[in-house]
Amino acid sequence: MDRKILRQSLENYRTPFEEESAFVDEFIELTYDENAFLRSRLEGHFTGSAWIVNKRRTHTLLTLHKKLNRWLQLGGHADGVENLLEVSMQEAREESGLTSLRLVGNGIFDIDKHVIPHKGDIPEHFHYDVRYLIEAELNEPLTISNESTDLAWIPFDSVEDMVGFNPSILRMLEKTSRSEYAI
C-alpha cells in the first residue's frame, strides 16, 4: 500500500458519522503532499492507529498515553512509511507486545483529525489518523511500552468511563457493535 492506494481507499470511504465526513476531503488532499507521512510536516501529518478488540467483541485494548495522560487506542507516526496499515500493526505490536494481531475487514475502519498540543519545541499540530480494526487474543500477555503508563483490556461498557467524552473513541466503539463488525 502506498499513498495512491491510500488516496483511493479514502475516496471510497463511506461513513454515516458527520464528524468523519467533514474531513475526508482534507485527508485526500493531504495524500498529495510529499511530506504527508513525516512528523517534520509541522502543520500536520498522517498517523496510523489500531482499534484492537477481542474475538467476542466485549473488550478493547487501550493505552494510558504517557505524554497526553489519556486513555487512547494504540498507534503512532508513519515516519515516512506510506502503508498506514503496516504502521498501525507495527505500533500495535510495539505498544502491546501482542503477536496474535489480525486485520478485521478489508480496509479503513475510522479516520480522525485531532489536534496535538504544543510540547517542548514541537508546536501544536494535527494528526490525520487512519485507523484499522484489529483483533487479538484477550488472554495473551501484554507488555507496556515506554510510551505508556498503563495498558489494559477495557470492557466495552466501561470504555466511556475510562476515556471520558472522547467522540472519536466512542465512535469506534459504536462502529464495533454494528453488524458488519460484530461476530
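## Arg-171 and its salt bridges

In this predicted model, Arg-171 is buried, its relative accessible area being 3%, and its side chain meets that of Asp-110 in a salt bridge with an N to O distance of 2.8 Å. This pair links distant parts of the chain, since Arg-171 belongs to helix 6 and Asp-110 to strand 6, 61 residues apart. Asp-110 also counts as buried, because its relative accessibility is 0%.

Arg-171 forms another salt bridge with Glu-19, where the closest N and O atoms are 3.4 Å apart; because Arg-171 lies in helix 6 and Glu-19 in helix 2, the pair ties together parts that are 152 residues apart in sequence. Glu-19, at 36% relative accessibility, counts as partly exposed.

## The setting of helix 6

Helix 6, which spans residues 167-176, is largely enclosed by the rest of the structure, because 8 of its 10 residues are buried. The buried residues are Ser-168, Ile-169, Leu-170, Arg-171, Met-172, Leu-173, Lys-175 and Thr-176. What covers them includes helix 2 (18-21) and helix 5 (159-163), together with strand 1 (44-54), strand 3 (71-72), strand 6 (110-116) and strand 7 (125-136).

## Strand 1 and its partners

Strand 1 is likewise largely enclosed by the rest of the structure, because 11 of its 11 residues are buried. Strand 1 runs parallel to strand 7, to which 11 bridges join it, and within this pairing Gly-48 stands opposite Val-130 of strand 7. With strand 4 (residues 74-77), strand 1 pairs in the antiparallel sense over 4 bridges, and here Ser-49 has Gly-75 of strand 4 as its bridge partner.

## Nonpolar cores

The largest nonpolar core holds 31 residues, of which Phe-46, Ile-52, Leu-84, Ile-111 and Val-130 touch the most other members. The elements giving two or more residues to this core are helix 1 (3-12), helix 3, strand 1, helix 4 (84-96), strand 7 and strand 8 (148-155), and the largest share, 5 residues, comes from strand 7. A second, separate core of 18 residues includes Trp-71, Leu-72, Phe-156 and Ile-169.

The contacts of Ile-111, when residues up to four places away in sequence are not counted, are with Leu-10, Tyr-13, Glu-20, Phe-23, Val-24, Phe-27, Asp-129, Val-130 and Arg-171.

Arg-41 is found in the loop between helix 3 (24-30) and strand 1, and counts as buried at 16% relative accessibility. Its salt-bridge partner is Glu-43, with the closest N and O atoms 3.5 Å apart. Leaving aside neighbours within four places in sequence, Arg-41 is in contact with Leu-30, Asp-33, Asn-35 and Ala-36.

Lys-66 lies in the loop between strand 2 (59-65) and strand 3, and is partly exposed, with a relative accessible area of 48%. The side chain of Lys-66 reaches the backbone oxygen of Asn-146 at 2.9 Å, and Lys-66 touches Asn-146, Glu-147, Ser-148 and Thr-149 when residues up to four places away in sequence are not counted. The C-alpha atoms of Lys-66 and Glu-137, which are 71 residues apart along the chain, are separated by 24 Å.

How values were computed
Residues are numbered from 1 along each chain as its sequence is written. This is a predicted model: local features need pLDDT of at least 70, side-chain atom pairs count only at pLDDT 80 or more; totals for chains, interfaces and linings use all residues. Side-chain values use heavy atoms; hydrogens and water are left out. Buried means under 20% relative accessible area, exposed over 50%, partly exposed in between (1.4 Å probe, protein chains only). Contact means heavy atoms within 4.5 Å. Two strands pair if DSSP finds at least two bridges between them. A nonpolar core is a set of buried Ala, Val, Leu, Ile, Met, Phe, Trp, Tyr and Cys residues joined through side-chain atoms within 4.5 Å. A polar contact is a pair of N or O atoms within 3.5 Å; within protein, one must be able to donate a hydrogen and the other to accept it, and residues adjacent in sequence count only if both atoms are side-chain atoms. A salt bridge is a side-chain nitrogen of Lys or Arg within 4 Å of a carboxyl oxygen of Asp or Glu.
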